[in-house]
Amino acid sequence: VRATAQIPDEEADIHFSSQYRHITGAHGSLIPDFIGRFESLADDFSRVLARLDLTKMSLPHQMKTEHQHYSAYYTDETRALVRGRYATDIELFGYTFQNRSGDPVKLPVPRA
């Protein structure tokens with residue numbers, strides 16, 4: 001996290017660059033009219049199928065891995081680094097940091 005937080009988007013691998021850069025126009029406006037989320041992939045996929053008037057189909061989950069809730073992998077310091085590095089993504093996509101129960105986590109105010 002520390003290393004990634006220091007890499008500017010212009011130099012970052014596509015997997016680590018801010019996602020807003022791939023879906024916004026020159027003036028920051030969203031290009032797509034719908035953005036699905038992995039967290040609600042099945043529902044979002046059904047919504048896209050309905051919008052395109054396509055037959056319902058299943059979306060298999062392949063290569064699934066077992067892991068802890070993402071919050072188990074972060075400390076207050078690394079959460080703050082992620083918040084700073086991906087602030088635009090977090091705001092644009094309406095994300096919040098959560099604990100293992102799914103409750104919001106209040107983050108410390110970043111230092112100037």
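User: What counts as buried, exposed or partly exposed here?
Analyst: Buried is under 20% relative accessible area, exposed is over 50%, and partly exposed is in between (1.4 Å probe, protein chains only).

User: And what am I looking at?
Analyst: A predicted model, where local features need pLDDT of at least 70, side-chain atom pairs count only at pLDDT 80 or more, and totals for chains, interfaces and linings use all residues. Residues are numbered from 1 along each chain as its sequence is written, and side-chain values use heavy atoms, without hydrogens or water.

User: OK, α3. Which of its residues are buried?
Analyst: Thr78, Arg79, Val82 and Arg85 are the buried residues of α3. Helices here are DSSP runs (H or I, at least four residues), numbered from the N terminus.

User: Where do they sit, seen down the axis of α3?
Analyst: The buried residues of α3 fall within an arc of 135 degrees, so they line one face of the helix. The arc is taken from the directions from the helix axis to the C-beta atoms.

User: What covers them?
Analyst: The cover over the buried residues of α3 includes α1 and α4.

User: Moving on to Asp9. Where is it, and is it buried or exposed?
Analyst: Asp9 lies in the loop between α1 and α2. Its relative accessibility is 13%, so Asp9 counts as buried.

User: Which residues does Asp9 touch?
Analyst: Setting aside residues up to four places away in sequence, Asp9 touches Ser17, Ser18, Tyr20, Arg21 and Arg85. Contact means heavy atoms within 4.5 Å. Arg85 is also one of the buried residues of α3.

User: What else is in that loop?
Analyst: Thr24 is found in the loop between α1 and α2 (41-51). Thr24 has a relative accessible area of 16%, so it is buried.

User: What does the side chain of Thr24 reach?
Analyst: The Thr24 side chain reaches the backbone oxygen of Tyr20 at 2.7 Å. Beyond its neighbours within four places in sequence, Thr24 is in contact with Ser29, Leu30, Ile31 and Leu92.

User: New topic: Gln68. Where is its place?
Analyst: Gln68 belongs to the loop between α2 and α3. At 43% relative accessibility, Gln68 counts as partly exposed.

User: And which residues is Gln68 in contact with?
Analyst: Apart from neighbours within four places in sequence, Gln68 is in contact with Tyr73 and Arg100.

User: How many residues apart are Gln68 and Arg100?
Analyst: Gln68 and Arg100 are 32 residues apart along the chain, and their C-alpha atoms are separated by 8.4 Å.

Definitions and conventions: Helix = DSSP H or I, 4+ residues; strand = E, 2+ residues; numbered from the N terminus. Polar contact = N/O pair within 3.5 Å; in protein donor to acceptor, adjacent residues only side chain to side chain.
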